[in-house]
Amino acid sequence: MMTPIIETERLILRPLKASDAEAVFKGWTKDTEVARFMRWNRHQNVEETREWLEGEEASAAKEDMFNWGFVLKENQHLIGSGGLVYSDQNQMYELGYNLSKDCWGCGYGTEAAGRIIEFARVELKIKQIYATHAIANIASRRILQKLGFEFQREGTYSSFDGNRTFSSNEYLLYL
């Protein structure tokens, strides 16, 4: 299934494209604070972001990955991204998201993640979703709690390059 365009009251969630590279780089991939708890490292230049987005475009038709860019309906600004990736380790989809810093605290993360969960329940017909966040990332904890995720245990996760490890809280959401 191709990653579809879906909407919320304030957002359009659409597949990311390589042509989004400038907006994504300026919005969040270059930002040290946004990247602080993410598995990916802060991008050093727009070309690094473009390469990542080319991979996202190529993955848009995969059954194990659904990733969206979050676009504000009111002005068409791309403000973040997130989605579902199938975790072989957990044998279920994992929810993830990030937002540009100027959009923190506005409810966009909860709104986008809630719509992604609805997509998972209705379209994918899955019964549970996994999520984790760095213990120090209180905002992500609040989002997951608002969405009804249940704490399972403490754990750890590492950045993709293995250079950073985070103490984390792990959650499940039963759909």
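Two exercises on a predicted model follow, each with a worked solution. Local features need pLDDT of at least 70 and side-chain atom pairs count only at pLDDT 80 or more, while totals for chains, interfaces and linings use all residues. Residues are numbered from 1 along each chain as its sequence is written, and side-chain values use heavy atoms, without hydrogens and water.

**Exercise 1.** Determine the strand order of the sheet and its edge strands.

Solution.
1. The protein chain has 5 helices and 8 strands; these are DSSP runs, helices being H or I of at least four residues and strands E of at least two.
2. The 8 strands form an open sheet ordered β1-β2-β3-β4-β5-β6-β8-β7, with mixed pairing. Two strands pair if DSSP finds at least two bridges between them.
3. β1 (6–7) and β7 (150–158) are the edge strands, each pairing on one side only.

**Exercise 2.** Locate S81 and state whether S81 is buried or exposed.

Solution.
1. S81 lies in strand β4.
2. Strand β4 (residues 78–87) pairs with strand β5 (residues 92–99) in the antiparallel sense over 8 bridges; the bridge partner of S81 in β5 is N98.
3. Helix α1 (residues 21–29) packs on the sheet and touches β4 and β5.
4. Leaving aside neighbours within four places in sequence, S81 is in contact (heavy atoms within 4.5 Å) with residues including L16, W28, W52, F70 and Y97.
5. S81 has a relative accessible area of 4%, so S81 is buried; buried means under 20%, exposed over 50% and partly exposed in between, with a 1.4 Å probe and protein chains only.

Key. Axes fitted to C-alpha atoms, helices over the stretch in contact; angles between N-to-C directions.
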